[in-house]
Amino acid sequence: MAARKPTDKTSAAKAPAPRRAPRQRSVGAHVPETSKDLKQVALDSIREVALRVHQTANAGGLPQIQMPQRNLANVKFDKKIGYFEMAGNLKTRTLDVNSVKTFAQTLRLMALAKEMVADEDFATKREAYYVSKNWGDAKFGEQRESDTVLDDIEGMFSIHDVTREELRFVPEEHGGSVVGALTVIDRDPETHEPIRSDCAAMGSGAYTIPSTVDHLGFETSAEFVLVIETGGMFQRLNHHRYWRTANCILVEMGGVPTRATRRFVRRIAEGLKLPVYAFVDCDPYGICNIYRTLKVGSGSSAHVNRLFCVPTATFMGVTPQDIIDFGLDDATHPLLQVDVKRAKDALKNDPFFQAQPRWKSAIKQMLKMGVRAEQQAFAKWGLNFVIEEYLPKKLRETKSFLP
Amino acid sequence: MAARKHATAEEMAMAQKEISVSEFFAKNRHLLGFDNPRKALLTTIKEAVDNSLDACEEAGILPEILVEIDQLEEDRFRVVVQDNGPGIVKAQIPNIFGKLLYGSKFHSRRQSRGQQGIGISAAGLYGQMTTGKGPRIESRVKRGKAHRYEIQMDFTKNKPLITQDEELDDWHQSHGTRFEVTLEASYQRGLRSVDDYIKQTAVSNPHTSIRYKPPGEEEPRFYERAIRDVPDRAAEIKPHPYGVELGELMKMLRDTSSRWLSGFLQEEFCRIGPKVAKEIIATAKLGERSYPTRIARDEADRLYRAIQKTKISAPPTTCLSPIGEDRIREGLMKECDADFYSVSTRPPSVYRGNPFQIEVGIAWGKPGDDRLEVDDKGRIHKTKKKRGATDTEDLLGNADEPVRVLRFANRVPLLFQQSSCCFTKSVIQTSWKNYGMSQSRGAMPVGSAVIFIHMASVWVPFTSEAKEAIAPYPEILKEVRLALQEAGRKLGVHIRKGKRVTNEFQKRSYIEKYLPHVGIGLQEILGLDDEDREETVERLRESMETTRKI
């Protein structure tokens with residue numbers, strides 16, 4: 001067995017006490033009582049943008065719309081704030097021959113949004129694309145085009161603090177899966193009756209995070225949230241009812257977490273004051289994409305990171321050091337060229353890692369070792385080694401988790 | 001086997017006799033452009049019209065030409081060419097029309113259409129040979145009576161026989177000549193047809209009015225003149241020293257009446273003054289006072305070489321009568337409705353001592369296409385093209401066809417042997433891509449364009465007596481190329497602007513297409529009424545268009 005770290009500091013005191021009487025906590029819907037106002041805010045924002053175009057036109061000017069630039073170069077990271085903030089570079093689109101098509105499509109999608117907000121309906125990105133097929137010349141040729149315009153609209157309205165979800169455009173994919181000591185309080189879209197889903201009563205299945213989560217309420221007695229990269233590991237922990245043993249909530253991300261998943265975890269973390277621990281593969285993708293996006297958001301959605309990230313999340317594993325500590329060195333794969341590039345890119349360009357000396361040395365360590373390890377590599381020591389040895393040992397030292 | 005009997009010199013001498021020009025022609029009529037019935041018709045008309053125009057211009061008369069073709073039988077046509085020229089003195093009529101190589105222009109170094117004095121009599125001869133009937137000529141000089149002659153030609157003696165000689169009391173014009181001939185021919189329309197020739201003549205002679213009645217049509221077509229002044233009559237010049245070959249030089253030395261060599265050079269050539277004469281003679285190591293008639297073969301050779309070595313200024317260009325840029329433009333505009341015209345007249349130049357001048361005109365534009373016009377406010381309008389002359393299509397081709405080259409020598413259209421002509425070579429050698437036309441390597445440029453090329457010269461170097469193509473002297477090739485480049489540059493500016501406007505129009509169509517949707521979007525969001533929406537869209541369109549430059 002691999003050497004163990006000395007654990008003589010505070011670990012004894014901090015050791016989890018799973019048998020302690022569960023403490024019940026709850027949080028309501030994000031702003032359920034003010035949803036009328038939210039609706040009004042969205043409608044007002046749409047009207048405001050359109051009105052400015054109208055006024056500029058009638059004053060003989062060329063209308064402009066502004067939106068934030070959406071890339072990693074336009075974000076900054078401050079540990080105190082905890083997520084990627086927009087650096088404030090705005091992109092201005094003036095009506096001219098090159099932009100007239102996009103301009104027209106933007107306004108027509110805004111008109112669609114207005115209608116959907118008023119009717120409390122929604123459209124997936126694909127549906128929005130099909131709606132355009134009725135616009136004659138202004139229709140979109142491919143969904144890629146309408147997605148781009150939708151992203152632009154989202155950016156535009158983020159300036160007015162209105163999200164894409166509030167404009168009633170929803171992503172195609174749903175969020176991740178949830179099991180554990182959590183009750184989700186939803187409401188029936190038709191009758192508005194509350195619906196309670198007990199995530200501990202899902203049998204061998206799991207609760208699926210819907211594409212919008214702000215209307216949900218929560219109740220829990222859990223101690224922490226464990227966010228897991230792969231479906232395989234999630235199944236193992238669920239099958240052995242690890243959430244019951246450890247009194248926690250398990251969330252499966254399935255790769256880079258969707259916005260809904262991030263928002264869901266964020267609301268639990270914030271509203272229920274639960275710590276969030278990430279458990280992903282030890283490779284540049286797991287660290288630099290999955291974990292980074294969960295914690296601080298991404299460059300391309302910089303304008304909404306404020307809402308769609310979990311700044312309190314910490315990185316439990318698998319760390320490069322875990323490979324050594326848990327003797328996984330012969331269960332690794334060499335880093336591919338794309339992995340190395342991704343890692344170096346993170347060190348060079350990603351403001352999050354640049355602000356974290358511990359991360360810098362961890363990534364450098366991984367590059368030096370030249371290998372990556374998957375969550376499931378622990379199966380080398382036995383299928384349930386991860387439950388019996390790895391997780392308890394790691395969870396005794398949550399302070400040592402990477403930021 | 002008995003050996004074949006060979007002819008003796010004496011026997012051969014019995015068969016050796018003079019060949020008359022007429023006989024020669026009868027056997028070699030293709031050399032003069034009578035190879036086939038179709039071409040015979042054209043050549044006949046061409047020769048008659050050339051003569052008419054030369055005569056009118058020489059007399060300072062604005063030409064009015066009538067050309068009539070009547071089909072008598074399937075392969076038999078009567079051709080009438082009538083002018084309002086000065087007329088021909090009675091005594092000269094039989095010789096001019098009935099004798100080959102009889103004319104006023106062969107010996108003169110003056111720019112004219114005719115050169116050798118073969119054409120019109122050859123036409124008469126051809127008619128006589130194919131139909132048995134000789135030409136009929138009516139002519140009247142000012143303040144004289146009109147005469148009618150009918151002529152038969154004696155092939156062997158190259159002499160006219162007058163078969164009818166009549167004085168006409170009443171003639172329909174105060175002066176002029178009417179030439180009528182019946183010949184075996186065939187009439188076709190299209191390229192290289194009589195129609196084509198008449199039209200091109202109207203282009204290169206915008207001061208001429210032509211009435212042309214093709215067979216089967218009741219009323220003559222009228223090609224009205226665009227300019228009311230007769231071109232300046234070209235002056236006659238002495239030969240330029242550079243253009244004279246050794247044999248000719250020796251002949252001139254023998255024939256001169258000058259008594260001193262220096263005097264000979266100054267008298268017989270243009271551009272030689274005392275100073276240049278002295279220089280030539282010094283270079284030739286001859287005496288200024290040598291008798292020209294006594295200069296021997298090797299001395300003449302030295303003189304010839306000395307002339308080539310001496311710098312002598314170019315011949316005077318008063319002997320040239322270019323059409324002129326304005327007239328070329330008028331001529332093209334009159335007969336070829338195009339979007340743009342670009343013309344260029346080069347300064348005179350010299351080949352082999354013969355002055356010449358090259359002029360080029362380009363008519364460019366797609367017939368039948370809609371054109372884009374930019375108004376004062378910078379808006380672009382699409383207008384249906386105005387239809388011009390009914391047979392515009394004859395000259396301007398489609399945008400995907402090779403350009404049409406119209407070749408002229410002393411205002412006479414050249415219709416045949418295009419590919420062996422110096423002008424065509426120059427067009428191909430010019431890089432038209434620089435001027436916005438497409439062109440494959442070694443080929444004519446492609447585009448809806450007509451290229452007009454004119455050479456004015458006292459002596460046009462045709463490749464054959466049929467006067468169909470111009471010999472490719474390097475000097476001529478170069479001048480044509482330079483003229484094409486000049487006109488091409490002007491055209492290029494226009495084409496590029498046209499492309500810009502087209503481009504801009506497409507962009508604005510784009511605005512037209514999508515701007516209404518901006519209106520619809522605004523209407524749906526803000527609940528505008530239709531009028532407000534229309535107004536907003538119109539405002540936006542104005543703002544967008546005024547900010548765009550063309």
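Predicted model: local features only at pLDDT ≥ 70, side-chain atom pairs only at ≥ 80, totals over all residues.
Good morning. I begin with helix 9 of chain A, residues 284-296, which is mostly covered, as 11 of its 13 residues are buried. Among the buried ones are P284(A), I287(A), C288(A), I290(A) and Y291(A), and the list also includes the charged-type names R292(A) and K295(A). Helix 9 of chain A is followed by G297(A), whose phi is positive, near 90 degrees.

Chain A has 14 helices and 18 strands, and of its 403 residues, 43% count as buried. If we take contacts in chain A between residues at least 6 apart in sequence, 76% of them join residues at least 24 apart.

Two local features of the chain A backbone deserve a mention. The peptide bond that joins G317(A) and V318(A) is cis, with omega about 5 degrees. V318(A) is found in the loop between strand 16 (314-317) and helix 10 (320-325) of chain A. Is N247(A) buried or exposed? N247(A) has 21 other C-beta atoms within 10 Å, and because the threshold for burial is 20 or more, N247(A) counts as buried.

I turn to chain B. The secondary structure of chain B comes to 14 helices and 18 strands, and buried residues make up 43% of its 550 residues. Among contacts in chain B between residues at least 6 apart in sequence, 70% join residues at least 24 apart.

Chain B also holds an asparagine with a positive phi: for N410(B) the value is near 45 degrees. N410(B) lies in the loop between strand 14 (404-409) and strand 15 (412-414) of chain B. With 26 other C-beta atoms within 10 Å, N410(B) is buried.

Next, the sheet. In what order do the eight strands of the open sheet in chain B stand? The order is 5-4-3-6-2-1-7-8, and the pairing is mixed. Strand 5 (159-168) and strand 8 (221-223) of chain B stand at the edges with a single partner strand each, so one side of each is left without a neighbour in the sheet. On average, neighbouring strands of this sheet are turned by 15 degrees against each other, direction ignored.

Within the sheet, strand 3 (residues 136-140) and strand 6 (residues 176-184) of chain B pair in the antiparallel sense over five bridges. One detail of that pairing is that E138(B) has R178(B), in strand 6 of chain B, as its bridge partner.

Two helices lie across these strands. Helix 3 of chain B lies across strand 1 (64-73), strand 2 (76-83) and strand 6 of chain B, and runs at about 10 degrees to strand 2 of chain B. Helix 6 (residues 194-204) of chain B lies across strand 1, strand 7 (209-213) and strand 8 of chain B, running at about 170 degrees to strand 7 of chain B.

In soluble globular proteins, nonpolar side chains tend to be buried together. Here the largest nonpolar core has 117 residues, and those with the most contacts inside it are I45(B), V360(B), A363(B), V450(B) and I451(B). Helix 3 (residues 37-58) of chain B gives the most to this core, with nine residues. Apart from it lies another core, of 77 residues, among them I209(A), F308(A), A313(A) and A373(A).

A helix pair in chain B comes next. The axes of helix 7 (residues 246-255) and helix 10 (residues 297-309) of chain B come within 10 Å and cross at roughly 115 degrees. The crossing is right-handed. L246(B), L249(B), M250(B) and L253(B) in helix 7 of chain B meet A300(B), D301(B), L303(B) and Y304(B) in helix 10 of chain B. The residues of this contact divide into seven nonpolar, no polar and one charged.

Finally, I come to where the chains meet. How many residues of chain B are in contact with chain A? There are 20, and they are in contact with 26 residues of chain A. Helix 13 (474-526) and helix 14 (530-546) of chain B each supply at least two residues of this side of chain B. The largest share, 14 residues, comes from helix 13 of chain B. By type, the residues on this side of chain B divide into 11 nonpolar, five polar and four charged. Thank you.

Conventions. Residues numbered from 1 in each chain as written. Chains lettered and ligands numbered in written order. Buried ≥ 20, exposed ≤ 12 C-beta atoms within 10 Å, placed from the backbone. Helix = DSSP H or I, 4+ residues; strand = E, 2+ residues; numbered from the N terminus. Contact = placed C-beta atoms within 7 Å. Core = buried A, V, L, I, M, F, W, Y, C linked by C-beta atoms within 7 Å. Axes fitted to C-alpha atoms, helices over the stretch in contact; angles between N-to-C directions. Left-handed = near helix turned anticlockwise from the far one by under 90°. Pairing = 2+ DSSP bridges.
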